[in-house]
Amino acid sequence: MEQLYGDFDASYNELQGWIAAMREYVPGTVIELQIRPYYGPDDQLQLGKQIFHRMFWTFDPCVRAFPHCKPFVQVDGTWLYGKYTQILLIAVAQDGNRNVLPIAFAIVDKENMESWEFFLTNLRRYVISNDNICIISDRGKGLIAAIRRSGVPWRSVYCIRHIAANSIRDYKNADWKRQFVKIGKRLPYPFNISF
C-alpha cells in the first residue's frame, strides 16, 4: 500500500495540493478545511506547524443536481482505517429515477455533535437551501443534537435498514428479520430494505 499510495504522513502533507487541484480542475468545488495548532510530545506549541482537524467538500455538479432530487437526504458516517482513524461523513440524495447522488462529504475525528454540526452547517450553506427536507439516518445522539442546535426545520427519521440491522443484531431472531424485509419491501423507495 505504501509503495502505491505513499505513507499516511505524506498524504496529509499533500492535502493542500489536492485542494488546489480540485478547485482548479473541478470548478465550483467547495472545500472547507479546518486545521489546528500542533503541540509537540512535550505539550509545547510548535510555532508554524499545524495539523488537520476536519474537512468538508462538495462538487458543483452535485450542488446543481440536488434541487432536482427528492426531498430526502440520507446521512451516515463510516470509519476510515489506517494510522489515523477518522470518520467519513456522507450525504446522499436520490433523483426521480432512483439514482443515488452523493452530495457532500466530510472527514472528521469523531462522530459527535460538533462534527455533525460542522457537516450540517456546510451542507446547509453550500448544498441544501430548502427547509422542507427529511434527513434519514441512524439518529445518533450527536446528529440529532446538531440538527436541533442548527435551528433548521429539517425533519429527522430513522433509516429502516438501521432499525432492522440493530434488531437482528440485538435479538438474533430470524423470524424478525423476515418480517422486517417484508415490511421494508412494502415501503416506498428509498425506505424499502433487503438483506
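A residue counts as buried when its relative accessible area is under 20%, as exposed when it is over 50%, and as partly exposed in between (1.4 Å probe, protein chains only). On this scale, 35% of the 195 residues of the chain are buried. The model is predicted: local features need pLDDT of at least 70, side-chain atom pairs count only at pLDDT 80 or more, and totals for chains, interfaces and linings use all residues. Residues are numbered from 1 along each chain as its sequence is written, and side-chain values use heavy atoms, with hydrogens and water left out.

The secondary structure comprises eight helices and seven strands. Both are DSSP runs numbered from the N terminus, with at least four residues for helices (H or I) and at least two for strands (E). Contact is defined as heavy atoms within 4.5 Å. Among contacts in the chain with a separation of 6 or more, 52% join residues 24 or more positions apart.

Helix H5 covers residues 113-126, and helix H6 covers residues 141-150. Their axes come within 8 Å and cross at roughly 50°. Axes here are lines fitted to C-alpha atoms, for helices over the stretch in contact, and angles run from 0 to 180 degrees between N-to-C directions. H5 and H6 are therefore oblique to each other. The crossing of H5 and H6 is right-handed. A crossing is right-handed if the near helix is turned clockwise from the far one by less than a right angle, and left-handed if anticlockwise.

H5 contributes Met113, Trp116, Glu117 and Leu120 to this contact. H6 contributes Gly142, Leu143, Ala145, Ala146, Ile147 and Arg149. By class, the contact has seven nonpolar, one polar and two charged residues. Ala, Val, Leu, Ile, Met, Phe, Trp, Tyr, Cys and Pro count as nonpolar, Asp, Glu, Lys and Arg as charged, and the others, Gly among them, as polar.

The buried residues of H5 are Met113, Ser115, Trp116, Phe118, Phe119, Leu120, Asn122 and Leu123. In H6, Gly142, Leu143, Ile144, Ala146 and Ile147 are buried. Just after H6, Gly151 takes a positive phi of about 75°.

Val108 lies in strand E5. Val108 counts as buried because its relative accessibility is 0%. Residues up to four places away in sequence aside, Val108 touches Arg54, Gln86, Ile87, Leu89, Ser115 and Phe118.

Asp9 is placed in helix H2 (residues 8-13). With a relative accessible area of 34%, Asp9 is partly exposed. Neighbours within four places in sequence aside, Asp9 is in contact with Lys83 and Tyr84. Asp9 and Tyr84 are 75 residues apart along the chain, and their C-alpha atoms are separated by 9.4 Å.

Most residues other than glycine have a negative phi. Asp43 has a positive phi, near 60°. Asp43 sits in the loop between E1 and E2. At 63% relative accessibility, Asp43 counts as exposed. Arg98, which is not a glycine, has a positive phi of about 65°. Arg98 is found in the loop between E4 and E5.

Methods
Angles under 35 degrees count as roughly parallel, over 145 as roughly antiparallel, 65 to 115 as roughly perpendicular and the rest as oblique.
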